[in-house]
Amino acid sequence: MQEPGAWAIPLTESICGDAGLTGGKAAGLARLRADDLPVPPAYILPVAVFNAHFPDAQPEQRPERPTLAPELATTLSRIAAELSGGNGRKLVVRSSALGEDGDTASFAGQNATYYYVDAASLTKAVTDCWLSLWSEPALAYRQANGIDGAFGMAVIIQQMVQSERSGVCFSEDPTGEKSDHALLESSWGLGAALVDGRVSPDRFWVSLDGRINQRRISRKRLKVAEDLRDPSDARLEPVPLRLQTRASLSDVEVGRIADMTRGIALRWGVPQDVEWAMHGDELYILQSRPITAQAMPRTVQSTVDGGAVDGRWVLFKPTAENFQEPMTPMTVDLYRRVIPPFGRFIHGRFYVNADLAAHLLPWSLSEEALADVLLMRGAPADQPLDWRRLLGLGAILSAGYLLNGITWHRTARVPLSSLDAFASLCDGVLARDDLDPLASLRQLVLNDHPFRPIGEFPIQCNISSGRYFLLIEVLNRLLARIAPDYDRTNLSLVLSGGPAMLSRQMVEGIRELADIARADTVLAAAMVEPASDLQATTLALGDSHPFNLALESFLARYGHRAVREIELMTPRWREDNNSVLNLVRSFFARQTTEERTDPHGLLLAAEDELHQALPHRWQRRLTDQLIERIRYYVTLRENTRYYHTMAMAVIRVKLKALEQKLLQADKLKCEDDVFFLEYDEAAALDEGALDWTDLEPVIRRRRLDYQNQCFTRPPESFNILARIPLLIPEGNLLVGDCASPGVAAGTARIVRDPSMASELRAGDILVAPYTDPAWTPLFPGTAAIIVEVGSYLSHAGTVAREYGVPCLVDVHGCMDRIHSGAQLRVNATEGWVEIVS
């Protein structure tokens with residue numbers, strides 16, 4: 001073995017700044033240290049030490065684990081004793097390969113890092129770090145980026161920062177959303193969970209003048225523990241529920257990190273990607289590298305798994321208006337097995353086959369008009385019907401009627417209470433151990449016999465209830481003819497579903513909890529203190545306290561619901577009641593002591609106004625019949641969602657049981673990993689046909705892809721031109737579609753998660769990216785609602801009309817253009833919102 005000039009070099013030595021000797025990462029750390037930045041103490045094992053142990057290293061030939069030179073073993077013992085400080089302080093071993101953290105390639109996450117290293121494990125950590133140079137991800141990265149240069153690795157041995165908060169900061173936003181802003185990502189615990197894509201971080205955009213112009217506080221469910229007593233234990237642990245939705249950094253800390261990152265970029269003359277960690281109030285820099293092409297704007301391209309997307313596809317609006325984030329691979333794989341083949345999943349979102357739709361619609365449409373129809377922006381104006389297409393559509397509808405006409409008629413007057421049969425079906429499927437997740441899904445979605453009670457088919461009932469939209473059009477045309485002077489914008493209140501709607505009943509449940517809290521001095525004090533731990537407070541009250549009894553009753557009825565409840569990875573309310581408690585807190589803050597408006601009285605007044613506009617009895621009878629049918633289908637549509645989400649909760653329970661089985665058998669390593677497998681892969685893992693080593697790189701890649709897609713707005717179409725909604729040239733107006741008429745003025749409150757709406761107050765204007773039923777408790781008391789993605793048929797529009805709240809949907813760019821605290825004027829009737837200040 002040819003000995004190197006030095007077995008280890010302190011990071012403070014100037015020679016460490018030579019990337020050809022110590023690799024890109026170590027050279028960057030040496031430069032940071034030389035600039036007096038807070039870098040933890042470290043030693044570098046230069047590339048020459050690697051060459052001494054792997055004299056003929058080639059990417060194509062993975063070597064055996066080497067025996068360390070005695071001199072290196074002695075050196076490692078000395079380093080461990082010095083850096084541990086004699087008090088057992090842990091170390092971290094990190095790669096610094098040739099070419100790593102360079103100007104054109106970062107190798108981010110491709111080579112190994114080992115935390116919680118001590119003197120006993122240091123030797124193995126060093127050799128494992130070297131051998132990671134031959135790992136499948138690292139070799140694939142070299143090939144994908146055409147890297148054929150020098151092959152070797154230095155190793156960094158450093159004091160480990162036991163960070164309570166950690167993350168990365170880009171001196172310039174690499175996503176392209178705000179290129180003149182710094183972008184900071186942060187989460188609880190060590191940074192490994194963020195790097196591996198196991199946590200969705202908080203995000204802060206900081207302008208050049210230091211203002212935080214945008215923030216996205218995520219639900220941070222897991223962290224890599226900063227204080228493991230036994231390093232052999234699982235590294236990932238749950239974040240306490242009270243911290244999951246809390247910002248991991250204060251505004252002052254965000255500014256401090258952004259300033260330091262920009263300072264490094266200014267000194268080095270290149271935009272920087274800085275990894276940081278905080279222990280207590282101490283800030284440490286763990287690495288800095290140029291923002292490479294691999295970190296550039298994370299936009300959705302017209303490719304899937306490296307190949308081009310064939311055909312024309314338009315985003316499926318009914319899903320996108322409930323949430324914009326992608327679905328996980330397991331959710332996609334299970335759903336695609338039961339969804340009819342009218343579309344496909346692209347990057348975790350569902351898209352409709354526009355080529356198929358073009359053949360089915362009764363018009364000859366341009367690309368823009370076709371996209372508009374599929375995006376539910378209304379029927380094409382002044383477009384004559386194509387009679388040949390109309391005849392073809394009629395034939396298809398006739399065939400569909402022959403196949404499904406019975407279901408159409410059975411759902412016409414199904415008692416709303418009959419849907420309880422589906423709850424019993426879900427209980428039965430859940431109790432059957434012989435039904436795996438896929439078989440359970442097929443049983444609950446497709447059922448096993450078409451003539452079972454119609455209440456067991458909530459999805460089919462939901463689809464059938466969509467006919468109310470056609471009935472509304474019939475009613476509008478009828479009133480335009482027989483009552484031309486009647487103001488039809490008042491119809492929204494007349495057509496409300498009423499108290500039978502389960503979404504309204506859910507709001508009343510939250511209201512009851514808020515009323516109980518208001519009457520209890522301990523709970524009332526906790527509700528108005530944002531930092532208080534509501535779970536700990538309610539637990540201390542005891543099981544027999546009226547609030548806890550009411551909460552138990554609420555969860556028994558609505559515990560299967562959640563934000564983004566279509567996604568199977570999402571925890572349900574019964575698993576995480578902190579979400580419900582935060583909704584109660586938000587409702588508590590918006591409640592006033594003023595007398596509540598009587599909705600029934602308003603309804604009677606609206607009906608009387610309509611009847612006065614209709615002079616003849618037959619006109620009143622005809623309109624009343626239409627209104628009764630519309631109200632029924634509006635309520636049926638909302639209520640069926642309550643039931644069919646029970647099926648998703650059942651499938652989640654089955655998947656989590658499978659995951660626990662795989663974790664106990666050491667076939668999976670981390671909670672929620674099962675959702676980044678496809679179902680056949682999970683089954684093969686369970687049966688022993690695959691093992692963890694086969695799927696670990698697959699899971700890691702999919703997690704990282706998922707996190708990237710979570711922060712990317714889905715394109716509305718692929719290979720077809722979709723109209724961009726109009727932005728008024730003056731820049732202070734945004735336009736959208738009216739989902740509930742009315743006008744309002746007030747203060748904007750940006751809300752991205754209904755459980756994180758503590759700042760929303762009565763009279764504020766709610767601005768949201770989308771809504772689903774879990775958002776319903778936020779609607780009462782708001783002056784207006786503005787939604788970036790939605791339609792008249794969306795949940796936001798339906799429930800807003802129930803409460804008489806003006807609602808504007810499909811307001812393109814509202815989440816970027818409107819900031820919390822801005823003063824707004826909304827005219828939902830005419831379809832615009834003005835940013836006053």
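Over the ring of which residue does the charged end of Arg 344 sit? In this predicted model, the charged end of Arg 344 is placed over the ring of Trp 313, at 5.4 Å from the ring centre. Another arginine, Arg 629, lies over the face of Tyr 633, and here the distance to the ring centre is 5.2 Å.

## Aromatic pairs

The structure contains 19 aromatic pairs. One of them joins Trp 134 and Phe 151, whose ring centres are 5.3 Å apart; the planes stand at 75 degrees, so the pair is edge-to-face. Trp 134 belongs to the loop between helix H4 (122-131) and helix H5 (136-144), while Phe 151 belongs to the loop between H5 and strand E5 (153-159), so the pair ties together parts that are 17 residues apart in sequence. Trp 134 and Phe 151 are both buried.

The rings of Phe 342 and Phe 350 also form a pair, with centres 5.4 Å apart and planes at 75 degrees, so this pair is likewise edge-to-face.

## Salt bridges

Side chains of opposite charge can pair when their charged atoms come close. The count of salt bridges in the model comes to 45. Three of these are set out below, each with the distance between nitrogen and oxygen.

| Glu 185 | Arg 203 | 2.4 Å |

In the salt bridge between Glu 185 and Arg 203, the closest N and O atoms are 2.4 Å apart. This pair links distant parts of the chain, with Glu 185 in strand E7 (residues 182-188) and Arg 203 in strand E8 (residues 202-206), 18 residues apart. Glu 185 and Arg 203 are both buried.

Asp 202 is buried, its relative accessible area being 0%, and Lys 220 is buried with a relative accessible area of 0%.

Asp 273 lies in strand E12 (residues 272-279) and Arg 289 in strand E13 (residues 282-290), so the pair ties together parts that are 16 residues apart in sequence. Both residues, Asp 273 and Arg 289, are buried.

Elsewhere, salt bridges link Arg 221, Lys 656, Glu 659, Glu 671 and Asp 672 in a network.

## A buried arginine without a salt bridge

Arg 572 is located in the loop between helix H22 (546-558) and helix H23 (578-590). Although buried, Arg 572 has no salt bridge; Glu 575, the nearest side chain of opposite charge, is 4.9 Å away. A salt bridge requires the nitrogen to be within 4 Å of a carboxyl oxygen.

Which backbone oxygen does the side chain of Arg 572 reach at 2.9 Å? That oxygen belongs to Glu 565. Leaving aside neighbours within four places in sequence, the residues in contact with Arg 572 include Gly 559, His 560, Arg 561, Glu 567, Met 648 and Arg 652.

In helix H26 (residues 679-687), the buried residues are Tyr 679, Glu 681, Ala 682, Ala 684 and Leu 685. The buried residues of H26 pack against helix H10 (329-336), helix H15 (437-446), helix H25 (617-664) and helix H27 (692-710). Gly 688 follows H26 and has a positive phi, near 90 degrees.

Gly 392, in turn, is situated in helix H13 (residues 387-410). Gly 392 counts as partly exposed, at 33% relative accessibility. The C-alpha atoms of Gly 392 and His 359 are separated by 8.8 Å, and the two residues are 33 residues apart along the chain.

Definitions and conventions
Residues are numbered from 1 along each chain as its sequence is written. This is a predicted model: local features need pLDDT of at least 70, side-chain atom pairs count only at pLDDT 80 or more; totals for chains, interfaces and linings use all residues. Side-chain values use heavy atoms; hydrogens and water are left out. Rings of Phe, Tyr and Trp (its six-membered ring) pair if their centres lie within 6.5 Å; planes under 30 degrees apart count as stacked, over 60 as edge-to-face and the rest as tilted. Helices (H or I, at least four residues) and strands (E, at least two) are DSSP runs, numbered from the N terminus. Buried means under 20% relative accessible area, exposed over 50%, partly exposed in between (1.4 Å probe, protein chains only). A charge sits over a ring if NZ of Lys or CZ of Arg is within 6 Å of the ring centre and within 35 degrees of the ring normal. Lys and Arg count as positive and Asp and Glu as negative; His and the chain ends are not counted. A polar contact is a pair of N or O atoms within 3.5 Å; within protein, one must be able to donate a hydrogen and the other to accept it, and residues adjacent in sequence count only if both atoms are side-chain atoms. Contact means heavy atoms within 4.5 Å.
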